[in-house]
Amino acid sequence: MFSRKKHAIQEHEAERHEAKIKALRDAVEPLSGPNSIYVTEACLKRYLEARSWNLEKSRKMLEESLKWRSTYKPEEIRWNEVALEGETGKLYRAKFQDREGRTVLVLRPGKQNTNSLDGQLRHLVYMLENAIINLPEGQEQMIWLIDFTGWSLTNAVPMRTARDTTNILQNHYPERLANAFLYNPPRVFEAFWKVMKYFLDPKTSQKVNFVYSKNEESIKVMHKYFDPEVLPLEFGGKNKVEYDHEEYSKMMEKDDIKTAAFWGLEDKVDPQSDQLTNGHVDSDKTAEETPRVVA
C-alpha cells in the first residue's frame with residue numbers, strides 16, 4: 001500500500017512538473033534564431049529547478065538569459081578570439097570524464113595571464129558553451145576541478161570579475177554545475193571564499209568541495225567521483241597528462257565547426273579555416289558528428 005501511494009505521489013509530481021514546463025514555454029514563446037534552439041524541454045526544466053519550480057521566477061530568469069544571449073551571443077564566440085586567454089591552460093576542457101561520464105573543466109587560477117575582464121569572461125563563456133556541447137547524451141551537468149598551485153591574493157581575480165563570473169554562472173547557466181572540487185586551496189583563500197560565497201546561491205555553494213591531499217576523508221570524496229588513474233598528477237592522481245596549447249587549439253577549432261553547424265552559423269567560423277567550404281562543413285575534413293542539443 002505504501003509503495004502504491006508513493007508511486008501515485010510521484011506521478012502527480014511528474015504531471016505537475018510537465019504542466020509547468022509547458023506553461024514556461026508558452027510564457028516565453030514565440031522565439032526565433034538561436035533562442036529557439038536554446039529553449040528545449042531540458043532547458044526549461046533547468047530554469048524551473050533553479051527557482052524551485054516557481055513559474056513566475058523561472059520565467060523572469062529565463063527571459064533575462066534570453067536577452068543576455070541575444071546581446072552577448074555566446075554561440076558565436078570562436079577559439080581564435082579567446083586563444084590568448086587559454087595559452088597557460090588556466091581553464092580548459094579535460095580529455096577525461098568523471099565516473100558518470102560528465103564533462104570536466106579544469107581551472108588553474110594560479111596560471112592567470114591577462115588583466116582583461118572582458119577577455120576573461122568571454123573565455124569562460126566560450127569554455128562553458130564548449131563543455132555543454134560536449135556533454136554525453138543524457139547528461140546536463142559538468143564537473144569543475146580547480147588546482148590552486150601558484151595561487152595567491154596577488155594574482156587573484158578582482159572582486160568585480162568574481163562577481164560578474166558568478167552572475168553569469170548562476171543566472172545564465174543554471175543547474176549546469178554538478179560538483180566543484182577545490183584542490184589544496186591555501187589558507188588565505190578561506191578569506192577570499194567567504195566573500196565569494198556571499199554572491200553564491202546556497203544550492204551552488206553546497207556543490208563546492210574542498211579537497212586536501214593530506215586529508216584522507218576529502219580524498220575519498222574526490223575518488224568517489226574520479227578514478228585515480230584518470231586524475232592528473234596535480235589533483236593527486238596518476239595521469240601524467242599535461243596541457244598542450246597547440247594541441248588543444250586544434251581540438252577547439254574542430255569544436256568550433258561542430259558548434260557552428262549546430263547553431264546554423266557555419267558562415268561565422270573563422271574564414272582562415274580550411275575546414276569550411278562555401279558556408280558548409282566539409283565532411284571530408286572532419287568526422288565530428290553534429291552535437292546534441294545545447295540546453
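User: What kind of unit do strand 2, helix 6 and strand 3 make?

Analyst: Happy to start there, with a reminder that this is a predicted model. Strand 2, helix 6 (residues 117-133) and strand 3 make a right-handed β-α-β unit. The hand is called right because, with the strands pointing away from you, the path from the first strand over the helix to the second runs clockwise.

User: How many bridges join strand 2 to strand 3, and do they run parallel or antiparallel?

Analyst: Strand 2 and strand 3 (residues 142-147) run parallel and are joined by 4 bridges. Pairing needs at least two bridges, so they count as paired. To find one of these bridges in the model, look at Val 104, whose partner in strand 3 is Ile 143.

User: What makes strand 1 and strand 2 a pair, and in which sense?

Analyst: Strand 1 (residues 91-93) and strand 2 share 3 bridges in the antiparallel sense. The cut-off is at least two bridges, so this pair passes as well. Arg 93, for example, has Leu 105 as its bridge partner in strand 2.

User: Which residues of strand 2 point one way and which the other, and are they buried or exposed?

Analyst: Along strand 2 (residues 104-107), Val 104 and Val 106 point one way, while Leu 105 and Leu 107 point the other way. All of them are buried.

User: Why is the pair of Tyr 92 and Tyr 243 called tilted?

Analyst: A search of the whole structure gives 18 aromatic pairs. In the pair of Tyr 92 and Tyr 243, the ring centres are 5.0 Å apart and the planes make an angle of 40°.

User: Are Tyr 92 and Tyr 243 buried or exposed?

Analyst: Buried means under 20% relative accessible area. Tyr 92 comes to 9%, so Tyr 92 is buried. Tyr 243 comes to 17%, so Tyr 243 is buried too.

User: What makes the pair of Trp 151 and Phe 189 stacked or edge-to-face?

Analyst: Here the centres are 5.3 Å apart and the planes stand at 80°, so the pair is edge-to-face. The threshold for that label is over 60 degrees. Trp 151 lies in the loop between strand 3 and helix 7 (159-172) and Phe 189 in helix 8 (residues 187-199), so the pair ties together parts 38 residues apart in sequence. Trp 151, at 9% relative accessibility, counts as buried, and so does Phe 189 at 7%.

User: Which residues form one aromatic cluster?

Analyst: The cluster consists of Trp 79, Tyr 92, Tyr 126, Tyr 243 and Tyr 248.

User: How do you know where the charged end of Arg 122 sits?

Analyst: The charged end of Arg 122 sits over the ring of Tyr 72, 5.6 Å from its centre. The distance limit is 6 Å, so 5.6 Å is inside it.

User: What does the side chain of Ser 218 reach?

Analyst: The side chain of Ser 218, a residue of helix 10, reaches the backbone oxygen of Asn 215 at 2.9 Å. Leaving aside neighbours within four places in sequence, Ser 218 is in contact with Phe 210, Val 211 and Tyr 212.

User: Which peptide bond is cis, with omega near 5°?

Analyst: It is the bond from Glu 29 to Pro 30. Pro 30 lies in the loop between helix 1 (2-28) and helix 2 (34-38).

Note on methods
Residues are numbered from 1 along each chain as its sequence is written. This is a predicted model: local features need pLDDT of at least 70, side-chain atom pairs count only at pLDDT 80 or more; totals for chains, interfaces and linings use all residues. Side-chain values use heavy atoms; hydrogens and water are left out. Buried means under 20% relative accessible area, exposed over 50%, partly exposed in between (1.4 Å probe, protein chains only). Rings of Phe, Tyr and Trp (its six-membered ring) pair if their centres lie within 6.5 Å; planes under 30 degrees apart count as stacked, over 60 as edge-to-face and the rest as tilted. A charge sits over a ring if NZ of Lys or CZ of Arg is within 6 Å of the ring centre and within 35 degrees of the ring normal. A polar contact is a pair of N or O atoms within 3.5 Å; within protein, one must be able to donate a hydrogen and the other to accept it, and residues adjacent in sequence count only if both atoms are side-chain atoms. Contact means heavy atoms within 4.5 Å.
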